[in-house]
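The following exercises concern a two-chain structure and are to be worked through with the coordinates open. Each task is followed by a solution in steps.

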Amino acid sequence: MEALQIYWWLLIAVLGGALVFMLFVQGGQSLLLETRGSVAKNLIVNSLGLKWELTFTTLVVFGGAFFASFPLFYSTSFGGAYWLWMAILFSFVLQAVSYEFRRKSGNIYGTRTYDAFLLINGVVGCVLIGVAVGILFFGGEFTVTRGNILDGQSPVISVWASTHGLEAICSWKNLLVGFTIFFLARMNAALYLMNSIDDGQKFFDAVRIKALLNGLIFVVLFLALLAVVLTSDGYTVEENGNVVAVPYKYAINLIEMWWILAALLIGVVLVLVGYGLTAFKKEYKGGIWWTGIGTIITIVSLLCDLAYNNTCYMPSLTDPQSSLTIANSSSTEFTLTVMSWVSLLVPVVILYIWYVWSKMNAKPMTPKEIEEDSHSY
Amino acid sequence: MEDLIQVVDWSRLQFALTAIVHWLFVPLTIGISLIIAVMETIYYRTKSEKWLKTVKFWMVLFAINFAIGVATGIILEFEFGTNWSNYSWFVGDIFGAPLAIEGLLAFFMEATFFAVMFFGWKKVSPAFHLASTWLVAIGVSLSALWILIANAWMQYPVGMEFDPAQMRNVMSDFMAVATSPVAINKFFHAVTSGWVLASVFVIGVSCIIAAKGKNLQMAKDSVKVAGWIGLIGMIFTMWTGDGSAVEVARVQPMKLAAMEGLYRGEVGQELIGIGIVDEKERDVKYKIAIHKGLSILANHDADSFVPGIDDLIDGIALTPQGDTINTTSYAQRIEIGKAAQQALRDYEAARKAGDQAALSDAISRIKANYQYFGYGYFNSPEEAVPPVALTFYAFHIMVMAGGYLLLFLIVALFIVYKKPVWFDTRLARWIGILSIPVVWICSEAGWIVAEVGRQPWTIQDILPVQAAVSSVTAQSVQITFWLFAVVFAALIAAEISIMVNEVKKGSNKDIIA
């Protein structure tokens with residue numbers, strides 16, 4: 001059973017890593033704010049438009065997989081941090097129609113409105129997903145009492161603070177996670193655009209500067225976040241089942257699980273290599289591959305550090321005994337086994353996504369291509 | 001308690017709103033993706049430019065709907081957690097799996113090949129493009145399969161058992177969940193009704209296009225493809241609809257009684273065609289009925305008994321074999337449900353005290369009484385009765401509209417093949433155009449029957465809505481409800497406006513040229 005829980009957390013971490021990488025779409029949308037000229041905006045939107053559904057799907061599958069494998073997390077976090085998840089939800093609803101509607105005649109509200117929706121999703125989506133991840137590290141104000149299901153007057157088992165997630169949005173630690181992810185997404189977006197758009201040297205140089213600037217801010221925020229996480233208390237489950245706070249728990253985990261530390265270092269180095277090559281080689285276009293793979297590995301290792309080694313992956317600040325662990329929040333052995341068989345199809349899915357990606361992005365997008373395509377966004 | 005009721009009501013309203021809006025777009029994308037795939041196959045085989053233009057025209061309308069369908073779909077997934085968090089824990093071990101499988105098997109397929117379908121004309125080979133179009137159509141239906149497996153399980157929970165130690169239900173037989181006869185029937189009913197909806201939409205829009213005269217051939221070609229898919233879809237929809245009636249009679253007899261506004265059933269029960277429900281008098285007034293029709297529909301036996309709402313409350317029911325028996329009344333079910341809940345409390349107390357004898361006694365009482373666990377949340381049998389009038393009217397609107405649509409599709413095919421000149425008449429075109437809202441009303445009515453008719457259960461007999469909610473305030477849900485209402489209204493307005501413009505474009509210029 002424990003192996004299955006570990007395996008499923010690893011899958012969740014991989015999906016989480018893929019999601020954070022794919023948030024480059026949101027990062028790119030946020031770049032619209034400082035992009036001048038409709039041609040440049042259309043190029044960015046159309047290039048990102050090839051991928052927006054993949055990000056959207058990754059978010060949905062991430063949620064679905066979390067629901068299936070750790071349902072107590074789903075019920076506690078979603079049902080508790082109501083306003084946080086609703087804000088994320090609204091931003092993604094606005095995004096889903098904006099690509100298709102923005103330049104269609106008769107769209108009522110005009111292209112600028114839909115671009116504003118993309119911008120909102122770009123900022124809010126990244127930052128608030130980061131806040132939701134922050135709750136995993138720094139805890140939330142909730143209690144879990146399974147016996148409540150028998151209370152006809154108040155039957156809810158997971159009860160959150162009356163602010164329902166607004167308090168999490170106001171936490172500087174959670175916001176630090178949010179803005180780190182935001183600037184990472186913007187850096188990755190700029191690197192992706194350098195790789196996928198061919199609109200002359202001026203466009204390339206402008207995007208390259210965005211990549212370097214956002215990358216610099218990201219590195220500073222990431223180092224700060226790492227320092228905060230590694231010096232924070234974590235919660236662990238003792239042999240008698242009691243949950244206790246442990247100083248430097250996440251740092252201790254890295255020492256006790258060397259392979260996670262190694263993965264974290266590899267991930268960070270890959271991101272830095274992508275950044276460095278872009279900074280030192282003026283015409284270099286391949287930075288996105290380095291930072292993309294680095295992003296996924298870094299996020300996977302951080303999420304594993306968060307949950308393995310008897311660590312509570314979502315500590316309760318109200319009642320530590322209610323904290324969620326991969327052991328007390330998971331589905332049963334039967335369900336996890338069934339789902340594990342299904343997960344054998346993951347490589348097939350990755351393979352066809354990679355194949356289609358390589359076909360669709362084989363040649364960089366040009367303004368002429370958008371002009372000629374009657375279905376362009 | 002009052003706040004709990006308000007939270008439940010607003011959560012139900014919010015979920016109903018989202019589901020109704022989502023269902024505006026889902027059947028269209030299910031059906032039109034198939035129609036486009038068939039059209040592109042014709043293009044691939046004939047290499048005729050007119051078919052390429054036809055495919056591209058319908059693809060634009062597909063994409064507009066697909067986007068808004070995706071937008072509303074994610075809300076439903078989130079709402080299981082945000083508004084029904086107890087539900088998510090209590091049955092998440094079973095319910096979560098189909099959702100995750102849907103994402104992995106269907107959503108990634110749709111998302112990946114959607115990009116090829118729309119932007120890959122010059123980037124991939126024609127064969128690869130055709131395969132992508134088919135994979136999107138298959139992905140859309142696969143998505144429907146897994147979500148309907150999940151939905152059917154809520155209405156007919158199988159392959160599970162209750163684990164008192166975890167105070168939740170756990171999966172015991174995945175194949176029973178995935179191949180539940182209710183799920184399979186629901187899938188074919190929903191998907192083929194999507195074919196019908198999309199076909200009537202394509203025919204209606206083709207009538208608008210034909211009216212301008214510039215793309216008459218494209219319109220006729222579209223009617224031919226859509227007409228056949230619609231007719232095949234309608235035959236399957238009616239067949240599976242009949243299967244649904246039989247299954248509902250077996251596993252949700254209260255829903256069937258509400259669908260017919262039937263309070264006291266009898267042997268050789270009539271089927272009401274039209275009537276007005278009087279909930280106070282517990283009767284249907286001014287009705288026109290088919291003799292023994294409901295007995296035939298529900299049991300395939302003209303002389304069989306069909307229990308009404310009061311019969312079921314009194315404990316008169318049908319066995320799976322179709323025999324009438326005196327079984328547990330709803331008042332007794334409430335007692336049994338409360339006994340199951342008390343046994344669970346005793347189990348918890350015994351577990352904490354380490355009292356093995358009390359523990360095994362509690363387990364045996366839970367097992368004996370768990371069948372009616374959810375009734376323990378009620379105080380009176382009436383609480384377990386769904387809204388009768390809404391279910392009744394939705395059912396009868398669906399049946400009447402469905403009957404009309406069958407006729408419509410047959411006539412449309414007859415005209416386009418045998419009397420093409422009739423297609424040029426204003427009357428034929430107006431009938432085609434006005435049938436578009438009819439098919440949507442039919443589709444939404446069907447969904448309302450399925451979902452309102454099963455109230456107040458989130459899980460049939462196990463978990464009523466009041467025990468499934470989240471710990472949020474009624475005001476919070478009220479605010480998000482109105483926000484959703486505003487966003488949906490704004491997006492639907494934009495969507496319709498864009499569609500009208502695209503259809504106008506298709507009407508006013510010669511697409512084939």
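Predicted model: local features only at pLDDT ≥ 70, side-chain atom pairs only at ≥ 80, totals over all residues.

**Exercise 1. Helix packing in chain A**

Task: Describe how H9(A) packs against H10(A) and against H7(A), giving orientation, handedness and residue classes.

Solution. 
- Step 1. Helix H9 (residues 172-196) and helix H10 (residues 200-231) of chain A cross at roughly 155 degrees, and their axes come within 8 Å.
- Step 2. Angles over 145 degrees count as roughly antiparallel; H9(A) and H10(A) are therefore roughly antiparallel to each other.
- Step 3. H9(A) and H10(A) form a left-handed crossing. Their contact residues comprise 20 nonpolar, three polar and four charged.
- Step 4. Helix H7 (residues 111-138) of chain A packs against H9(A) at an angle of about 135 degrees, the axes being 7 Å apart. H7(A) and H9(A) are therefore oblique to each other.
- Step 5. The crossing of H7(A) and H9(A) is right-handed. Among the residues that make this contact are Val123(A), Val127(A), Gly130(A) and Gly134(A) of H7(A), and Leu175(A), Gly178(A), Phe182(A) and Ala185(A) of H9(A).
- Step 6. By class, the contact of H7(A) with H9(A) has 15 nonpolar, five polar and one charged residue.

**Exercise 2. A helix pair in chain B**

Task: State how H7(B) and H8(B) are oriented to each other, and which classes of residue form their contact.

Solution. 
- Step 1. In chain B, the axes of helix H7 (residues 181-212) and helix H8 (residues 216-251) are 6 Å apart, at an angle of about 155 degrees.
- Step 2. H7(B) and H8(B) are therefore roughly antiparallel to each other, and their crossing is left-handed.
- Step 3. The contact of H7(B) with H8(B) consists of 19 nonpolar, 15 polar and one charged residue.

**Exercise 3. Overall form of each chain**

Task: Decide from the radius of gyration how compact chain A and chain B are.

Solution. 
- Step 1. Chain A contains 16 helices and four strands. Its radius of gyration, 21 Å, is close to the 21 Å that the globule rule gives for 377 residues, so chain A is as compact as a globular protein of that length.
- Step 2. The C-alpha trace of chain A spans about 65 × 45 × 40 Å along its principal axes, and 57% of its 377 residues are buried.
- Step 3. Chain B has 16 helices and eight strands. Its radius of gyration of 25 Å is close to the 24 Å given by the globule rule for 513 residues, so chain B is as compact as a globular protein of that length.
- Step 4. The C-alpha atoms of chain B occupy a box of roughly 85 × 55 × 40 Å along the principal axes, and 55% of the 513 residues count as buried.

**Exercise 4. The interface**

Task: Identify which element gives the largest share of the side of chain B that touches chain A.

Solution. 
- Step 1. Chain B contributes 70 residues to the contact, and chain A contributes 66 residues.
- Step 2. Elements of chain B that give two or more residues include helix H2 (49-82), helix H4 (92-119) and helix H16 (474-508).
- Step 3. H4(B) supplies the largest share of this side, 21 residues.
- Step 4. By class, the side of chain B that touches chain A has 46 nonpolar, 18 polar and six charged residues.

Key. Residues numbered from 1 in each chain as written. Chains lettered and ligands numbered in written order. Contact = placed C-beta atoms within 7 Å. Nonpolar A, V, L, I, M, F, W, Y, C, P; charged D, E, K, R; others polar. Rg over C-alpha atoms; globule rule 2.2 N^0.38 Å. Buried ≥ 20, exposed ≤ 12 C-beta atoms within 10 Å, placed from the backbone. Axes fitted to C-alpha atoms, helices over the stretch in contact; angles between N-to-C directions. Parallel < 35°, antiparallel > 145°, perpendicular 65-115°, else oblique. Left-handed = near helix turned anticlockwise from the far one by under 90°.
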